[in-house]
Amino acid sequence: MHPEAMNILIYSIGVAMITTLLCLLLGYPAAYLLSRMETRKARLLVILFILPMWINFLIRTLATVALFGFLRLPLGEGALMFGMVYNFLPFMIYPIYNSLQKTDPNLIEAAQDLGANPRQVFFRTILPLSFPGIASGIIMVFMPVISTFAIAELLTINNIKLFGTTLQENIYNGMWNFGAALALVMLLLVGLTSLLNSGGSVKAAEEGGLI
Amino acid sequence: MKTLTHPKYLKAVTLLMLMAVAFVFNACRESKESRKKILKIYNWADYIDEDLLKEFPVWYKEQTGEDVEIVYQVFDMAEVMYTKIAMGKEDFDLVCPTQYIIERMLKYDMLLPIDRHFGKTGDYLGNISPFLLQRMDAFSVPGKNAADYMVPYMWGTSGILYNTKLIPKEEVETWACLWDPKNKGKILMKDHYWDVYNVAAIWGFYPEIASGRRTRYDVSNDHTNEDIAMVEKQLKLLKPNLAGWEADFGKELMTKGEIWMNYAWSGDAVWAIEEAAAVNVSLDYVVPREGSNIWFDGWVIPKYARNVKAASYFLNYLCQSDIALRNMDVSGYTSALGTTEIKEAQIDSSLSGTVNLSYFFGPGNDSLQVNSIQYPDSSVVERCVLLHDFLDKNDQVLEMWSRARGDNLNRRMILMIFVFVLLLVAWPVYRQVRKYRSKHKRLGLQ
Amino acid sequence: MTRKTIAASYLGFLLIMLYAPIVIIIVFSFTEARVLGNWTGFSLKLYASLFQGGVTHSLTGALWNTLIIGLTAAFVSTVLGTMAAIGIFNLQPRAQKAIKLLNAIPILNPDIITAISLFLLFISIGISQGYTTVILAHITFCTPYVVLSVLPRLYQMNINLYEAALDLGATPLVALWKILLPELKPGMISGFILAFTLSIDDFVVTLFTIGNEGLETISTYIYADARKGGLTPELRPLSAMIFVTVLLLLVIINVRTAKKINYKTI
């Protein structure tokens, strides 16, 4: 009956995956570098990373549209990805930074003393210890991207619709039953994500300490 | 610090908090008592001179001796307004939707008649141009005369706003320019199914219109399954040519010269042309020769309204020429009033060319020097149809619209998701296998 | 040395990316053009008209509403969230896990679902929508975040302290006030800030619960505005000023606390 709604859902999941991955790839090194810094300096920088969120996201997105205009870059899929990463990067950096900062330096020293080279120290000690922060960051980025609207509308001139927009349009156009069904699909997805995490999300969010 | 921890103070704090909660709940109950003195207006953003909202209570007091306080709220989509009233039964006294929502509301019995007993106050509703009254009458349903329920506010045409430096006028004088592959990526369409349907229908059936087999009115208003299929076909052909579907920001992109053509409403066009001129971009507006539509936004009193008297007086207030002129200034749109004052205020001798407006201002006004975008010539009006709401076909058209707009799922994306999921599944399996192996190794060594 | 430069330039690159759009807002708050991105010469007119008022029907009103709603919702949800966290902490492990999962669902749930559900709920129980419903709705979606930021403090603290206080004759309330709350304070503060940030940035939930009393917040104002005729130009200086104020505030707080810490360690 409505294949396009399902396709939009799958597309949104794809966009959310790419955004989450990009945020992770960009955010992890940043969080790592921050956690290696002097606490006072790091705290100031972390605040600088979070500060843009105090400006309404719609205004920020409109400014992003203007930015693309200046750089003569076309609006579309690429702009959408930039907008998403731009909006959600702080949500990735913060929990990872928190869990990295809580890592006991003695553990790292122990690993070094036991003869691990820097690469081994990172992959065998630091990275596994920051998994809760990563999990928390992924959760804070993945689902919100699927349900975001406005960002996709503005940055692709309505060419790309994400699931949140579809849901909203249905409600606005008085198709309440269909909208409610779509909302239920979304809720199932939420349940599935948290099940896949098998309670890990809760723990992760706690340990990652959302701010 | 110590004293604060005393249980007595804790109790006081708790009590204070409870009182605060009670106060909030009380505040919302109290508002119901004085409801008769409140007029709730729900309007498009930037669509009225907001100083009028302060001046009206003074005027109302002079006319009736009663006090009234205006509660003003704006909406961004007529559909949101409709949802809030139809589903939420919210008690707005006066709303200003576009004609198709008005038609739907009248048809589904969601409107109250305007109270035209104005006492000693003059009845200014007669200032509305007969041209719009006559069009509005098409919305009457058995037992309900449209004129008793709605007051047109602003009106205009739909057409193409274009950049005069980038595309010649001859090309945009026909809808063909939207489907022309050489304009690919330079066109913005409105994300608004109600009137885009009309463009696709008129273009798709133009051969039949030209040969006289069907009228423009029929192709746009029959809503038969074949008509809807034709619109879908045309929209799907149109889609690859578009830079995007504009809901909010088409006008802004036009002023930056990135987009050549934009399907626009005349009032927005006036706004955009002015704004573009400030940054030396030259825009113009044209209604293509195949035809388009004339629309109006109007004021109505929804069923759940609770202050019909003040609402009716406010409508009467808006229908005075001087007030209408102020609203035109603010919004850039064209007032529905057809009075001499309005006409004289619009004449600008610096404009070249004249417009035949006898259809709007009455006989004898066949060559006025006014802005031909705000006031289209009678030759333009002849090819503009009146559009009805889709009514019970609405869901079907919305589904068609959603199919035509389509989705962006492509093979690349599916492949990527597939790889992702595969990795997510493979990773734990791989780790499990490694764990198992190393365990065996260790056991073997021992 | 080179490593440090690379690190610094990487962070710098990310910050430039994050701040480029904001710089655009600030730069274009000094010109009069209605369209963001068009430059019609330097002018302070937008700042002037922002302070004179009367240009826009309720931009300042909307700002106040946003602040009041944000502060009330943040305050109430901090109280509720802290109480909930203490309650959860005292449950059996299995019940704890279940409640924590329930608490996570509203966080993972998209705004729009929360918005529609609340809209339907308020209609069906017949609460007239307005300040009350917006605040209730904001409390609803903020509380789980507060729970999440308070709980870790509870797990980290030494619960024996609380019990010792009780043994030494303190009433539970006094023990709560003197032992528990000071321990939880950092978590509560960050929960409050998070709740406030979420509340002022929220659009969807507000739109659906705002009712018809003429209430407007900054985010609904912006959205209604953006649809027709483009963004009100005065929003540019307003955002610029909010941003600079918050930046200065945070920097000052940070420098001061840092000084305090230094002082203590010396």
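Predicted model: local features only at pLDDT ≥ 70, side-chain atom pairs only at ≥ 80, totals over all residues.
Residues are numbered from 1 along each chain as its sequence is written, and chains are lettered from A and ligands numbered from 1 in the order in which they are written.

**Chain A**

Select chain A and colour by secondary structure: there are 11 helices and 0 strands, where helices (H or I, at least four residues) and strands (E, at least two) are DSSP runs numbered from the N terminus. The C-alpha atoms of chain A occupy a box of roughly 65 × 45 × 25 Å, taken along the principal axes. Of the 211 residues in chain A, 54% are buried, a residue being buried if 20 or more other C-beta atoms, placed from the backbone, lie within 10 Å of its own. Two residues are in contact if their C-beta atoms, placed from the backbone, lie within 7 Å; among such contacts in chain A between residues at least 6 apart in sequence, 75% join residues at least 24 apart.

**Helices α4 and α7 of chain A**

Next, select residues 77–102 (α4) and 131–147 (α7) of chain A, whose axes come within 7 Å and cross at roughly 160°; axes are lines fitted to C-alpha atoms, for helices over the stretch in contact, and angles run from 0 to 180 degrees between N-to-C directions. This crossing angle makes α4(A) roughly antiparallel to α7(A), the term used for angles over 145 degrees. The crossing of α4(A) past α7(A) is right-handed, meaning that the near helix is turned clockwise from the far one by less than a right angle.

To see the contact, show side chains including M84(A), F88(A), F91(A) and M92(A) on α4(A), and, among those on α7(A), I134(A), M140(A), V141(A) and V145(A).

**Where chain A meets chain C**

Now display chains A and C together: the contact takes 51 residues from chain A and 52 residues from chain C. Elements giving two or more residues to the chain A side include α1 (3–35), α2 (39–50), α3 (57–70) and α10 (176–196), and α3(A) gives the most, with 10 residues. By class, the chain A side holds 36 nonpolar, 11 polar and 4 charged residues.

**Chain C**

Of its 266 residues, 45% count as buried, and among contacts in chain C between residues at least 6 apart in sequence, 76% join residues at least 24 apart.

**The domains of chain B**

Finally, colour chain B by domain, using 1–33 for domain 1, 39–153 + 300–331 for domain 2 and 155–296 + 374–405 for domain 3; the bounds come from an automatic or database domain assignment. The C-alpha centres of domain 2 of chain B and domain 3 of chain B are 28 Å apart, and their contact takes 11 residues from domain 2 and 10 residues from domain 3. On the domain 2 side, select α4 (99–107) and α5 (130–136) of chain B, the elements that give two or more residues, of which α4(B) gives the most, with 5 residues. The residues of that side divide into 4 nonpolar, 3 polar and 4 charged.

Conventions: Buried ≥ 20, exposed ≤ 12 C-beta atoms within 10 Å, placed from the backbone. Nonpolar A, V, L, I, M, F, W, Y, C, P; charged D, E, K, R; others polar. Parallel < 35°, antiparallel > 145°, perpendicular 65-115°, else oblique.
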